[in-house]
Amino acid sequence: GEFPLRGIDITAGRLQLLGTGFADARLVATPAAGGTRLRFEAAAVAGELHLPQDPRAPVVGTFERVYWQGPDPATAFSASPAPTAPAGRDATDPAKVPPLQLDIADFRFGDLALGRLALRTRPTADGLRIDQLQAVAPKQRIEATGTWSGGSAGRTRLDMRAQSRDF
């Protein structure tokens, strides 16, 4: 007979995800209604992600914390030219990114504590619509909507509003 996979439990000294690494991480994957449930546990990330079988359904994530160690925020938006995709490899096509519904109770980007983060996106014919990107902390609030279109003339447009009591 068949032996269906009941789960995967991985412990890694470093888990590399979407451009950042998480030290001493555990990833548990189990079947869930309509998809797969991923549970992440590490000092810098804790939460769950539901990956649906239906590619039109949203990827839903609820995290207690995500401490993202991306590029240095002081230089992330410099006037340097944007890196290009390696030869033979296409850049990410935003039209192929599934809809996202992410909620993070404690989001940090490098040394910036951005607080509670919510992200809602949906695909469009030529890319991705950002319906909500919101970060709320005791001393600031950041809200953005926009689009990310692909193709050879890919571009991102964000309408952003920020409020701060400690600028």
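**The nonpolar core and the aromatic rings**

The largest nonpolar core has 27 residues, and those touching the most other members are Phe 40, Val 45, Leu 49, Phe 63 and Phe 107. By nonpolar core I mean a set of buried Ala, Val, Leu, Ile, Met, Phe, Trp, Tyr and Cys residues joined through side-chain atoms within 4.5 Å. Buried means under 20% relative accessible area, exposed over 50%, and partly exposed in between, with a 1.4 Å probe and protein chains only.

At least two residues of this core come from each of β2 (20-32), β3 (35-41), β4 (45-52), β5 (59-68), β6 (100-109), β7 (112-124) and β8 (127-137). Strands here are DSSP runs (E, at least two residues), numbered from the N terminus. The largest share, five residues, belongs to β6.

This is a predicted model: local features need pLDDT of at least 70, side-chain atom pairs count only at pLDDT 80 or more, and totals for chains, interfaces and linings use all residues. Residues are numbered from 1 along each chain as its sequence is written, and side-chain values use heavy atoms, with hydrogens and water left out.

I turn now to the rings. The whole structure contains two aromatic pairs (Phe, Tyr or Trp rings, the six-membered one for Trp, with centres within 6.5 Å; planes under 30 degrees apart are stacked, over 60 edge-to-face, the rest tilted). One of them, Phe 22 with Trp 68, is edge-to-face, at 6.1 Å centre to centre and 70° between the planes. Phe 22 lies in strand β2 and Trp 68 in strand β5, 46 residues apart. Phe 22 is buried at 2% relative accessibility, whereas Trp 68 is partly exposed at 21%.

Conventions. Helix = DSSP H or I, 4+ residues; strand = E, 2+ residues; numbered from the N terminus.
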